[in-house]
Amino acid sequence: MAEPVVRVPDAKVALSTASVYPESTATAFEIAARLGYDGVEVMVWTDPVSQDIEALRRLSDYHRMPVLAVHAPCLLITQRVWSTDPWTKLQRARTAAEKLGASTVVVHPPFRWQRQYARDFVAGIWRMANETDVRFAVENMYPWRYRDREMLAYAPDWDVTKDDYRHFTIDLSHTATARSDAVGMIDRMGDRLGHVHLADGRGSAKDEHLVPGRGTQPCAEVLERLALNGFDGHIVIEVNTRRAMSSAEREADLAEALAFARQHLASAARVPRR
């Protein structure tokens, strides 16, 4: 009988530049290269380098770190980055992805107070997706909580599987904050799941973005399922290292996250030896 061998799927493991905050976008490229990541996801935020396509191209070339995805500026702190108009932000994110060779733009659903944007969002994402080969992968979010009160901050819904999108991003810190079933959400996304933000959480009202394995989310199970299903999208380490006491401690966390992802993506398969 043939012995099991390790089969590693085509999915690449990338580092989100948000994972090194408060250090810079440039530092993220350097760390990703040193630790052996397959590429980076650029979080477009207030760091001017993250907004500059030519600066990003130079970093990518210098460190030999491809940009695999661009995260559009959807956060509260980036409301004025790349215009105050949300559609302009997405158009610029698409342009950046195309010029940098990235396959994916990650986008959050609108905030509820962005009423016109929210009203047109599902149809608008389909329209933009039809104009490019870049995937617009809409990311699951969570209700905002304060004590016993819950506020629905996103529209059409924080659970993006309730709407019709061509591609999804699942974020396992967000499933923890939402206290939702990550595996069930992946099942609902089906073959439209194109992108993964790998992190962990304990169900706190705060979006924790822990190193995978340090919370309650089924991070290992999710990776193993993706591997067995032949997932060929990107696995992006998006963790919070702000409490790291030194650069060495931050790097150790990011090395641990990378090792976790690679370990659980490698699945045993009975393939005859040649």
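Where is Pro22 found? Pro22 sits in the loop between β2 (12–16) and α1 (25–35); helices (H or I, at least four residues) and strands (E, at least two) are DSSP runs, numbered from the N terminus.

1. A word on the basis. This is a predicted model, in which local features need pLDDT of at least 70, side-chain atom pairs count only at pLDDT 80 or more, and totals for chains, interfaces and linings use all residues. Residues are numbered from 1 along each chain as its sequence is written, and side-chain values use heavy atoms, with hydrogens and water left out.

2. Do look at the cis peptide bonds. One runs from Tyr21 to Pro22, with omega near 15 degrees. Another joins Ala155 to Pro156, with omega near 0 degrees, and Pro156 belongs to the loop between β8 (149–151) and β9 (167–171).

3. Next, visit Arg250 in helix α8 (residues 247–265). Arg250 counts as buried because its relative accessibility is 6% (buried means under 20% relative accessible area, exposed over 50%, partly exposed in between, with a 1.4 Å probe and protein chains only). Setting aside neighbours within four places in sequence, its contacts (heavy atoms within 4.5 Å) include Tyr21, Pro22 and Glu23.

4. Two arginines have positive phi values. Arg64 has a phi of about 55 degrees and lies in the loop between α2 (53–63) and β4 (67–71). Arg179, with phi near 55 degrees, is found in the loop between α5 (172–178) and α6 (182–189). Arg64 is exposed at 74% relative accessibility, and Arg179 is exposed with a relative accessible area of 54%.
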